[in-house]
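Here is a short report on salt bridges. Look over the sequence and the structure first.

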Amino acid sequence: MKKTYQISESEWMVLQCLFKKSPQGIGELAEMLREKTGWNTNMIRTLIVRLQDKGIVGAEKDSRFFRYYPLVDESDCVLQETESFLDRVFDGSPAKMIAALTGSGKLSKKDCDEIEAMLHAMREEN
């Protein structure tokens with residue numbers, strides 16, 4: 001059975017930074033997140049500890065400091081978060097989600113073309 005992760009929005013922001021560049025120290029993460037979040041190093045340290053406790057982030061000691069890196073695959077986490085979102089908000093229905101997006105005007109022509117190409121490729125495979 002596939003392992004599931006419960007990742008909060010704040011933890012997800014830290015994890016995304018680690019997916020972009022790893023390993024990173026607390027100071028580097030704070031620099032990446034400061035403008036968007038205003039978080040200080042203590043907040044980021046707290047989030048890192050939570051992610052370590054969940055088995056999502058690992059650490060290596062680099063001279064005097066710890067540097068952190070993801071222990072999970074980004075695509076697995078994205079898929080899991082997407083499925084969770086679909087289940088919670090749209091009763092597990094991708095069609096309901098697309099309908100909501102089309103009704104809101106959030107989809108550009110390029111988005112529609114990409115979705116159409118993905119659906120066409122899926123049909124060809126099946």
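How far apart are E31 and R34 in helix α2? They lie 3 residues apart in α2 (residues 26–37), so about one helical turn separates them. Helices are DSSP runs of H or I with at least four residues, and strands are runs of E with at least two, numbered from the N terminus.

This is a predicted model, where local features need pLDDT of at least 70, side-chain atom pairs count only at pLDDT 80 or more, and totals for chains, interfaces and linings use all residues. Residues are numbered from 1 along each chain as its sequence is written, and side-chain values use heavy atoms, with hydrogens and water left out.

The whole structure holds 8 salt bridges. A salt bridge is a side-chain nitrogen of Lys or Arg within 4 Å of a carboxyl oxygen of Asp or Glu. The table gives some of the pairs.

| Pair | N to O distance |
|---|---|
| E11 and K54 | 2.7 Å |
| E31 and R34 | 3.0 Å |
| D113 and K109 | 3.1 Å |

E11 pairs with K54 in a salt bridge. This pair links distant parts of the chain, 43 residues apart. E11 sits in helix α1 (residues 9–20), K54 in the loop between α3 (41–53) and β1 (57–62).

D113 and K109 are 4 residues apart in helix α6 (residues 109–125), so about one helical turn separates them.

Now accessibility. Buried means under 20% relative accessible area, exposed over 50%, partly exposed in between (1.4 Å probe, protein chains only). E11 is buried at 2%, while K54 is partly exposed at 29%. E31 is exposed at 56%; R34 is partly exposed at 39%.

Finally, salt bridges link K21, E28, D62 and R67 in a network.
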